Amino acid sequence: MNKNHFTSFLLLCLVLVACGSPAGSPQDGDEKRPASNESSEQESYVLTLSHGYPTSSFMHTFMEWFDEEVQERSDGRLSLEIYSNGQLMPPDQEVPAILQGQIDMTHTTSPVLASFDSLWNVYELPFIFDYDPQDPAVFLENRMEFNNSDEGGGKIREVMEERGLKVLSLSFIDMFGSVYTTDSNNLVTGPNSAAGLRLRSPGGLIGPETVSAMGASSVTIAGAEVITALQQGIVDGLLTTPIYAHDAKLPVKSFSLVPLFNSVTPLVISQEKFESLPEDLQEVLVKTGQELEGYAMEMVLERTKTAYRTLENDGVEIYYPTKEEIEEWKDATMSAKSVFENEVERGTELLKTLQE
């Protein structure tokens, strides 16, 4: 076979081989490459979460529970890298850091989020959920009902998504906040009996107004200085919560079981980061976030009952108001709701939902 015939024969073979391959079939080196959906199902993701609280607190242990659940439900494809104690940044910088892509998630508080959007001040309002002084579960159940309603917690979640944040959970780490005093002689039995007292309040838009409505003076004190201020008589008491009062061993001698504020501790993720995850992992985060609320309620209810018993055994006098006194409290603190309604966009809508 001469050179020209050999060249023609070679070209013919190449044409036949090419025609024998179906359109779109993988070439050498491509047949082991997985499809894009297969790749996403096998890829693992680690989400960076920051919070400002110690590892012994519910703020941290709840996130450990969340991480374990997420890993199990995703077969190890999704996990959290948790930074506690403000290792990465102070709590008030966490939301800006999420929006800037520096971290993915935070377990924060409604007062901190209120500086980002004033709608969160709804949880600082007094007497917004029905409660029974003798049964802490009643309050927790009513708060969860609001959180899970479309026009309550659903509206807050909707507003946050518009601003780039996905709220995975509206959980909480404590019972409602009440008025505590350092002297049993200052036991507050009703709003009139608080007149003249100097009380450390949570601050913000609503707290000082609630204290003022009671006839007391609101004092701003940094958290690290609270115990010293109580011991030295700089203030006569404060608005705080039972688990915190118990765990921090606050030098208090009395408190009244009235729901003067109701902070929650939302679990928040970047909306952009959330949407970048495969759909099945998005579902894992949402489902686990919902179940975190139920888990938190069980833990908080148990710890609250323990805190009440321990405080009483330590000589702290607890006042359980009557139905008539509760109505007096509601009337006396009504101005706090007026401030919320006048100062907060969509505030009227949320108050209407609470009334319904």
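Asp75 counts as exposed, at 71% relative accessibility, where exposed means over 50% relative accessible area, buried under 20% and partly exposed in between (1.4 Å probe, protein chains only). The model is predicted: local features need pLDDT of at least 70 and side-chain atom pairs count only at pLDDT 80 or more, while totals for chains, interfaces and linings use all residues. Residues are numbered from 1 along each chain as its sequence is written, and side-chain values use heavy atoms, with hydrogens and water left out.

**Backbone with positive phi**

- Asp75 is a residue other than glycine, yet its phi is positive, near 55°.
- Asp75 is placed in the loop between helix 3 and strand 2 (78-83); helices (H or I, at least four residues) and strands (E, at least two) are DSSP runs, numbered from the N terminus.
- Phe127, also not a glycine, has a positive phi of about 55°.
- The loop between helix 5 (110-114) and helix 6 holds Phe127, which counts as buried at 6% relative accessibility.

**Salt bridges**

- The whole structure contains 12 salt bridges, each defined as a side-chain nitrogen of Lys or Arg within 4 Å of a carboxyl oxygen of Asp or Glu.
- Glu291 and Arg73 form a salt bridge whose closest N and O atoms are 2.5 Å apart.
- This pair links distant parts of the chain, since Glu291 is in helix 12 (residues 279-313) and Arg73 in helix 3 (residues 58-73), 218 residues apart.
- Both partners are partly exposed: Glu291 has a relative accessible area of 32%, and Arg73 one of 29%.
- Lys166 pairs with Glu161 in a salt bridge, with 3.1 Å between the closest N and O atoms.
- Lys166 is buried at 16% relative accessible area, whereas Glu161 is partly exposed at 33%.
- Glu327 and Lys330 meet in a salt bridge of 3.6 Å, N to O.
- Glu327 and Lys330 both belong to helix 13 (residues 323-332) and lie 3 residues apart, about one turn of the helix.
- An α-helix has 3.6 residues a turn, so residues three or four places apart point the same way.
- Glu327 is partly exposed at 41% relative accessible area, as is Lys330 at 27%.

**Helix faces**

- In helix 13, the buried residues are Glu325, Ile326 and Trp329.
- Seen down the axis, these residues fall within an arc of 105°, so they line one face of helix 13; the arc is that of the directions from the helix axis to the C-beta atoms.
- Lys323, Glu324 and Asp331 are exposed on the face of helix 13 turned away from its buried side.
- In helix 15 (residues 347-355), Gly347, Leu350, Leu351, Thr353 and Leu354 are buried.
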